[in-house]
Amino acid sequence: MSRSVWAATSTFHVAGWDLGVRSSTPELDELVRRALTAHHQPGLDAPANFSLEAPREEESVRGARPLHLLYENWSPVATARSDAGLVQALLGQLESYALVERTDLPVLNAGVLLTGDGRAIVQPRDHRKDLQDRSRALAKDGLTLHPSPLALLDPASGEIVIEPTLTVDESVLSSPVTPGRFPIAAWGLHAPGEFGAALSRAAAALRAFPHV
């Protein structure tokens with residue numbers, strides 16, 4: 001994380017947690033507060049759990065558009081090409097705080113791609129960063145990456161279940177994913193050499209669970 005001076009920090013109440021979100025520009029902070037008005041806790045100062053960093057003007061190189069960066073604590077967790085895309089990535093991370101408390105359905109830690117015809121492709125969790133980096137190319141193929149690193153699985157129906165866990169002002173920022181049930185069309189598996197031996201379908205599924 002390269003920045004030492006931050007424009008603002010705001011606190012949001014999500015799933016019983018008061019989470020601090022600091023932004024490198026006033027515009028980013030305003031966008032987050034407007035999108036999450038229902039969760040905003042004015043006057044409450046929480047430590048910065050998340051950091052939103054927009055690129056500086058001088059960081060452009062040969063006309064290339066530098067990336068916006070999202071950090072959880074000190075670890076980079078997502079990149080985006082705009083303020084809105086960065087805040088969408090933040091919302092996905094915040095959703096995981098609510099999902100991890102669910103006990104009615106198993107919670108997957110994975111990269112979930114949604115197809116244009118309403119199906120889901122589940123990829124290993126350590127492929128999420130690559131999927132984020134390729135989001136534009138995937139969109140051209142009709143694929144959308146679920147912004148949250150966690151998702152619910154209904155084992156009985158074989159469906160990924162996406163439910164709204166945050167109250168977001170849709171007039172400010174609309175979700176790229178429509179809540180619903182998505183039949184799993186495929187499971188992405190690691191190449192055999194990545195773990196020294198071929199993974200069975202069951203073992204691959206178990207690796208997607210964050211608490212197993």
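Helix α2 is mostly covered, with 14 of its 17 residues buried (under 20% relative accessible area, against over 50% for exposed and in between for partly exposed, with a 1.4 Å probe and protein chains only). The structure is a predicted model, in which local features need pLDDT of at least 70, side-chain atom pairs count only at pLDDT 80 or more, and totals for chains, interfaces and linings use all residues. Residues are numbered from 1 along each chain as its sequence is written, and side-chain values use heavy atoms, with hydrogens and water left out.

**Helices**

- Helices (H or I, at least four residues) and strands (E, at least two) are DSSP runs, numbered from the N terminus.
- From its first C-alpha to its last, α2 reaches 25 Å over 17 residues; this is close to the 24 Å expected at 1.5 Å a residue, the expected span being 1.5 Å times one less than the number of residues.
- Glu30 belongs to helix α1, which covers residues 26-35.
- With a relative accessible area of 40%, Glu30 is partly exposed.
- Between Glu30 and Ala8 the separation is 22 residues in sequence and 9.2 Å in space, C-alpha to C-alpha.

**Salt bridges: the rule and the count**

- Side chains of opposite charge can pair when their charged atoms come close.
- A salt bridge is counted here when a side-chain nitrogen of Lys or Arg is within 4 Å of a carboxyl oxygen of Asp or Glu.
- The model has seven salt bridges by this rule.

**The network around Arg102**

- A network of salt bridges links Arg102, Asp104 and Glu163.

- Asp154 and Arg181 form a salt bridge whose closest N and O atoms are 2.8 Å apart.
- Because Asp154 lies in strand β10 (residues 150-154) and Arg181 in strand β12, the pair ties together parts that are 27 residues apart in sequence.
- Asp154 is buried, at 13% relative accessibility, whereas Arg181 is partly exposed, at 45%.
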